[in-house]
Amino acid sequence: MAATAQNHMEPLRSGDGKKDEDRDDELEYSPFYGIEKGAVLQEARVFNEAHADPRRCQQVITKLLYLLTQGESLTKTEASDVFFAVTKLFQHKDVHLRRMVYLVIKEVIPASDEVIIITSSLMKDMNSSNELYRANAIRVLCRIIDPTMLLQIERYLKQAVVDKSAVVATAVLAGATLLSRSGADVIKRWTSEIGEAMASRQPMVTYHAVALTHALRAADRLAVNKLVTQLTRGGNGVSRSPMAQCLLVRYVAQVVVDSSPGAGGAPRPFFDYLESCLRHKSEVVIFEAARAICALRDVTARELTPAVTVLQLFLSSAKPVLRFAAVRTLNRVAMAHPLAVTNCNIDMEGLISDPNRSVATLAITTLLKTSNESSIDRLLKQIGGFMGEIGDEFKVVVVEAITALCLKFPAKHRGLMAFLAAALREDGGHAFKRAVAAALTRLVAEIPEAREAGLAQLAEFIEDCEFTSLSVQILHLLGREGPTAPDPARFVRVIYNRVALENATVRGAALAALCAFGVARPELRRRVAVLMRRALHDADDEVRDRATLYLARLEGLLGERVEAGDEGGASPGAKDAPAPALASVPQLAALGPVFKTSAPIQLTEEETEYKVDAVAHVLADRVVLAFTVVNTVAEQVLEGVSVDLGLEEGWQLEASLPLASAPHDVPGTAYAVLRRPPRAALPATRLGCTLRFVVKEIDPGLGEPEEEGYEDEYSLEDLELGLGCFVAGAPAPAGFRALWDSLPEDSERVDDYALGARESLADAARALGELFDGFAPADGSDAVPPGARSHALLMAGALPDGGLLAVRLALGLDRQRNVAMKLAVRASDGDLAEAVHAVVQDA
């Protein structure tokens, strides 16, 4: 079944592992391509033919076995049909077909009431003169019978244990090991026969006899100790079987593993046996003993020395498997006992050029763990040419080892970090680049002397980085660590280049990093503000919003006025000036600075006679509503136009400024000033709106409105002032974690929500972004990786009274594509956090 490694849904495979439609002669078709269970079950009807073709039957059985090993399951009816059809093939004398029948019966285990049908045929084969028939029949019987039937055939199995044929004896011992899980009491009556098999001259018989004996005593620790003591004394067939000897070494290791070194330096129990196995003539026994010694708990240097010496000899073996086994074991030893492996360094240096890349990678990582400070430079030169010859998975292992070495010898950080920087410039996939970037980030955090060099190398890397997530992570790091560097200005230009050249996600992260530099370094603030203004006209909405928000923060620190780039209102978060639309109205200019201005909200349909939209200007304790009215009826003029509001409890109308006149197709604005409820945490509300006015008809002859008119009204859509109207994104230049930790811990409110079925987490994140309109995503968390099954969305917001909100939304997607959300909110006080949860519950 070795050929089944090919995916049966892939029709072609070329010699180099790549598809090549132009060279069909080099492509190989998988023999299992397009196999379906239903079609194979139809083909299985060939078993019922009177003169079935043995070769065709073998092919069908092969397909069945392939499907079963690939995870396909048969229903009870299907399994019964296949089983009964296969039993008819016992009539054929073809040897190869008979062996395939044994295999398929073992895989399609019949029900207990069906076993009896095949038992007589298997019993007949078990007494056959053909050893292969006997052995295979025993293996199948041991797989399909239950403890009750075991009593009926016990005599035959017991006799087979001491059969002269090694194949038969091995089959019954292996089957008995399987039966010992449910029928151990019956198997224990075979003690004398099993002991005789253990003394057999056939190595495999001895091996299976030892395994069965241990399986029968595995639940009794004292019995296992007694068995180990008996077998280690010699005088049995175990010494003639290398495989049995390996098994015994493992059992001895299980006994020794819980013991500690004896008092006064006395050896552990059975340790002398493990040490004697290091001098065995079989290489597999020697290695098993060395591996067992190295895996002992609290192993001492004296105990390790003979095992390491043996493994050192294997390093120069001509057999690749021995070299791999030795270097892999030494690699594990080096994690806890690097000094014990130091003597092997010269031998392992020779393995760096080993043609087996797995051996070479293990040798390098072991050397990096055991090297001293003086040999690091020489070792890096040897590794330099090796990195380009191995795959990304091996490169990641080497990078992790170099990181550990740099933390061990901080004085050598320059050479090691230069090696990592060179690795960043090499070709590689996302996993490799991410590992190198993570290594440099860790070194920057833990080695103060490496901080500036590491930041410079990461800044250089993002110039050519093709992975968005990595660029965002590095920009976040530069924004956190860069402002405190000795020369922070060198990073500003690199970061701004990302604003000019990258995609929207990276541009947004770059603006956040630039804002951090401007906030932390006053001497760079004006330069950063200039760069930020250039992003106000970005093609992406979120990038523009971030630029506006960060620019407001910077210009606020500079003491300058912050105004929006358009005439629609003030920038979100600008608190030092009223909106231009309010500043032009004398009655409203004195109300104070505007915290946030909403986007226009349509209150009528497009084709109606009167078009009205509203803009909400949120102040510290008031809301000014500006209603823009357009009269589309040419035969009349509206005068004294105002909007009558249906207010909820706690809201008060302080002033109403009606529109004096609304001629045909000339926009005009009426204002209403509302005072918000004094104790409302998030004063979201829904206002009923009715347009009231006096209608004056146009005199057709004079073209002037008549002196007399009549009062009229027009119903408008309700005006909803939601969460987004009262929250503006709060920049978190020091990172979301710093903002979260700065808020009172006792204000935190946590709850779980079910969001229902969604196409992806990205779709859920977009919906939540609309619900939390006004909040600013933090730390680039709004970028959801494609295909993600879990994601954390971080948001920050500010309120008109100066209060702060930090929101963490942990999202998870199950197999049915249902999204679950855990919402955690911290705020300046607990009422704010509860208000955010109330908004989510009402959504």
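How much accessible surface does the protein chain have, and what share of it belongs to carbon and sulfur atoms? In this predicted model, the accessible surface comes to about 41,000 Å², and 50% of that area belongs to carbon and sulfur atoms.

**The chain as a whole**

The protein chain contains 36 helices and 19 strands. Its radius of gyration is 40 Å, whereas a compact globule of 843 residues would have a value near 28 Å. Along the principal axes, the C-alpha atoms fill a box of roughly 125 × 75 × 60 Å. Buried residues account for 48% of the 843 residues. Of the contacts between residues at least 6 apart in sequence, 62% join residues at least 24 apart. The chain carries 90 positive and 112 negative side chains, and the centres of these two sets lie 16 Å apart.

| Helix | Residues | End-to-end C-alpha distance | Expected span |
|---|---|---|---|
| H8 | 14 residues | 20 Å | 20 Å |

The buried residues of H8 include Val-168, Leu-173 and Leu-179. Among the elements that the buried residues of H8 pack against are helix H6 (131-144), helix H7 (147-161) and helix H11 (203-217). In H11, the buried residues include His-208, His-214 and Leu-216. The cover over the buried residues of H11 includes H8, helix H12 (221-232) and helix H13 (242-256).

**A loop residue**

Arg-534 lies in the loop between helix H29 (522-533) and helix H30 (541-558). Arg-534 has a relative accessible area of 51% and is therefore exposed, the cut-off being over 50%. Arg-534 and Val-499 are 35 residues apart in sequence, and their C-alpha atoms are 9.4 Å apart in space.

Methods: Residues numbered from 1 in each chain as written. Predicted model: local features only at pLDDT ≥ 70, side-chain atom pairs only at ≥ 80, totals over all residues. Heavy atoms only, no water. Helix = DSSP H or I, 4+ residues; strand = E, 2+ residues; numbered from the N terminus. Expected span 1.5 Å × (residues − 1). Buried < 20%, exposed > 50% of the residue type's maximum accessible area, 1.4 Å probe, protein only. Contact = heavy atoms within 4.5 Å. Rg over C-alpha atoms; globule rule 2.2 N^0.38 Å. Areas by Shrake-Rupley, 256 points an atom, 1.4 Å probe, with all protein chains shown as cover. Lys, Arg positive; Asp, Glu negative; His and termini not counted. Charge placed at Lys NZ, Arg CZ, Asp CG, Glu CD.
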